[in-house]
Amino acid sequence: MRAALSTFGSLTTHRAAAPKARAEATLHRLGWAMLRADAPPAAAIRSARGAAGRAAADAAEPLVPGLESRRELLLAAAIRLFRRLGYHAVGMEDIGAAAGINASSVYRYFPSKGDLLAAAYYRASDRLAASTATALRGATDPGDALRRLVAAYVGFAFGESDLVSVYLAENNNLPEPDRHELRKVQRLHVEEWVRLLTQARADLPATDARVLVHAAINLVTDLGRAVRFTETGGVPAAVAQLALVALHTFPES
């Protein structure tokens, strides 16, 4: 049920140009495809949620300075705090304290909290691009490339959970120039999915492909958040399988 609702919710997360009636019909089929697909065992979900709770408790511990640069320590601390407390509840002094750095020194590296948030978004975009490029290297055909792309996205979402959670939650708090630039990066990433999907499914128009791609991406992040992106119990593999089911749903003809 959650997977079906996630695909429906994708309509609110993008501006893909598709006729409304056709997009709704496609999502109708997607919903049924999700309801018919194999779900992760309930025990795996409970295990994942329990581990997520323990991970959240561990995340409350302060960072231990090591060999990282001060900039990296501040960025890591900001990402953790933004995820736990939300952007507006966190001050620059809180970030400095969590990183073990004097508050007055924080501004040497980041002039404002908005700059820290933007740095987190650029970090997420760069890491996703790198994981995507690595995954697609050596793909044997469009279908194989698409499977690799889904696996890479799921691996990124679950492996970079603090970063991804901030990325999903705080877009409206980005400085406007950065929001505009990052929106272009997001569109390019989606178009990579669309390109591979239309190559793997030559019968599929690009407008329908975009609806399916947005649904699959939203499904991964929404289901991931439901278990706090915990990797136990085989949940990431099940989520990846559901995303592939979404991409191979046939729209209304």
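**Charged pairs and their surroundings**

A: R148 counts as partly exposed because its relative accessibility is 29%; the term covers values between buried, under 20% relative accessible area, and exposed, over 50%, with a 1.4 Å probe and protein chains only. This is a predicted model, in which local features need pLDDT of at least 70 and side-chain atom pairs count only at pLDDT 80 or more, while totals for chains, interfaces and linings use all residues. Residues are numbered from 1 along each chain as its sequence is written, and side-chain values use heavy atoms, with hydrogens and water left out.

The partner of R148 is D144, and their side chains form a salt bridge of 3.0 Å, N to O; the term requires a side-chain nitrogen of Lys or Arg within 4 Å of a carboxyl oxygen of Asp or Glu. Side chains of opposite charge can pair when their charged atoms come close. Both D144 and R148 belong to helix α8, four residues apart, about one turn of the helix; helices here are DSSP runs (H or I, at least four residues), numbered from the N terminus, and strands are E runs of at least two. D144 counts as buried, because its relative accessibility is 14%.

In one of them, the side chains of R127 and E160 meet at 3.2 Å, N to O. This pair links distant parts of the chain: R127 is in helix α7 and E160 in the loop between α8 and α9, 33 residues apart. R127 is partly exposed, since its relative accessibility is 36%, and E160 is partly exposed too, at 23%.

In the other, E191 pairs with R210, and the closest N and O atoms are 2.8 Å apart. Here again distant parts of the chain are linked, with E191 in helix α10 and R210 in helix α11, 19 residues apart. E191 has a relative accessible area of 32% and is therefore partly exposed; R210, at 23% relative accessibility, is also partly exposed.

S161 lies in helix α9 and is buried, because its relative accessibility is 17%. Apart from its neighbours within four places in sequence, S161 is in contact (heavy atoms within 4.5 Å) with R83 and F229. E192 is found in helix α10 and is partly exposed at 24% relative accessibility. Its C-alpha lies 9.7 Å from that of L146, although E192 and L146 are 46 residues apart in sequence.

A nonpolar core is a set of buried Ala, Val, Leu, Ile, Met, Phe, Trp, Tyr and Cys residues joined through side-chain atoms within 4.5 Å. The largest one has 64 residues, and I95, W193 and L247 have the most contacts inside it. Elements giving two or more residues to this core include α7 (113-136), α8 (142-159), α10 (176-200) and α11 (206-226). With neighbours within four places in sequence left aside, L247 is in contact with residues including L146, V150, W193 and L212.

As for the whole, the protein chain has twelve helices and zero strands. Of its 253 residues, 45% count as buried. Among contacts between residues at least 6 apart in sequence, 73% join residues at least 24 apart.
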